[in-house]
Amino acid sequence: MRNLLNFLIKYNSWFLFLLLEVACFVLLFRFNYYQGSVLFTSANRFAGKIYEWVGSIHSYFYLRTANEELMDRNLFLERKVEALTKTLSGLQHDSAQVNACDSAWTDVRIIKARVINNTLNRLDNYMTLDKGSVDGVRNDMGVVSIEGVAGIVCLVSPHYALAISVLNRKSNINCKVQGTGYFGYLKWDGGDSRYAYVRDLPRYAEVALGDTVVTNGYSSVFPAGIMIGRIVDISDSDDGLSHLLRVELATDFGKLNDVRLIVPQSQEERTGLERNVKE
């Protein structure tokens with residue numbers, strides 16, 4: 001206590017100076033309109049910058065949550081668009097068909113996962129996911145990103161899964177040009193990770209640059225209507241019997257992080273039936 005008193009006595013002139021300065025500033029800004037408005041404006045600007053900085057930090061830490069919610073919403077909207085397209089295409093003034101689209105895709109299960117390893121610069125690229133058989137993952141489940149199709153699960157352990165990327169020569173994904181009904185399959189032949197090709201599309205198919213390519217639902221892996229990419233070039237195949245479409249992939253594999261695993265509940269029944277026919 002004595003040391004505190006000695007300190008106050010020793011620097012009492014400085015404390016008195018600071019007290020008088022504070023009193024002067026209070027009187028200056030409180031009883032002078034111009035100086036008060038300047039202080040108010042400056043204080044608001046400073047507080048605004050602080051709030052903006054704090055808000056940016058807050059948004060950054062909640063970015064993953066927002067990204068996951070956006071991905072789920074995107075998948076939901078893709079389901080609704082495909083269901084509405086099918087319903088409207090066959091609509092014959094029957095309102096019951098419109099209501100039927102609400103039940104579309106109800107048999108699809110979704111599992112959230114994260115990509116923990118991914119390659120881009122090989123001819124056969126794979127991605128490793130942080131979910132495995134204990135989480136309900138199994139072979140032949142489709143993998144989608146927030147932008148679109150990403151790959152297919154090919155190997156599963158209890159806690160991890162390996163998926164064949166779209167950027168893999170073994171990958172063949174059934175697809176169609178949205179709004180036309182014409183279908184083919186997506187194939188990546190190496191090179192730029194942003195592009196792949198749609199093959200076996202009939203020559204008489206009317207397609208145009210910018211058309212959207214989506215899954216056609218013919219396989220048991222992906223339901224119909226999942227985004228794949230957009231057509232950026234149209235040419236003929238080597239045999240001249242079909243179109244060769246160069247597609248800019250919707251998924252950016254260079255920054256792939258959060259994904260969803262999707263599988264129709266009836267997949268096992270369907271694949272078993274098709275396997276019996278092949279045998």
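**Strands, salt bridges and a greasy patch**

Q: In which sense do strands E6 and E9 pair, and which residue is the bridge partner of Lys 176 in E9?
A: Keep in mind that this is a predicted model. Strand E6 (residues 173–177) and strand E9 (residues 212–215) run antiparallel, paired over three bridges. In E9, Lys 176 has as its bridge partner Val 214.

Q: Which residue of E10 is the bridge partner of Thr 212?
A: E9 also pairs with strand E10 (residues 227–236), antiparallel and over three bridges. On the E10 side, the partner of Thr 212 is Arg 230.

Q: How many residues apart are Asp 124 and Arg 169?
A: These two form a salt bridge, with their closest N and O atoms 2.9 Å apart. Asp 124 sits in strand E2 (residues 124–129), while Arg 169 is in the loop between strand E5 (161–168) and E6.

Q: Is Arg 199 buried, partly exposed or exposed?
A: Arg 199 has a salt bridge with Asp 189 (2.3 Å, N to O). Buried would need under 20% relative accessible area and exposed over 50%. Arg 199 comes in at 23%, so the label is partly exposed.

Q: Which helix gives the most to the nonpolar patch?
A: The patch has about 1,000 Å² of accessible area together, with Trp 14 and Phe 17 among its residues. Helix H1 (2–10) and helix H2 (12–30) each supply at least two residues. With five residues, the top contributor is H1.

Key: Residues are numbered from 1 along each chain as its sequence is written. This is a predicted model: local features need pLDDT of at least 70, side-chain atom pairs count only at pLDDT 80 or more; totals for chains, interfaces and linings use all residues. Side-chain values use heavy atoms; hydrogens and water are left out. Patches are made of residues with over 30% relative accessible area and no salt bridge: like charges are joined within 9 Å, nonpolar side chains (Val, Leu, Ile, Met, Phe, Trp, Tyr) within 5 Å. Accessible areas come from the Shrake-Rupley method with a 1.4 Å probe; for residues, only the protein chains shown count as cover. A salt bridge is a side-chain nitrogen of Lys or Arg within 4 Å of a carboxyl oxygen of Asp or Glu. Helices (H or I, at least four residues) and strands (E, at least two) are DSSP runs, numbered from the N terminus. Two strands pair if DSSP finds at least two bridges between them. Buried means under 20% relative accessible area, exposed over 50%, partly exposed in between (1.4 Å probe, protein chains only).
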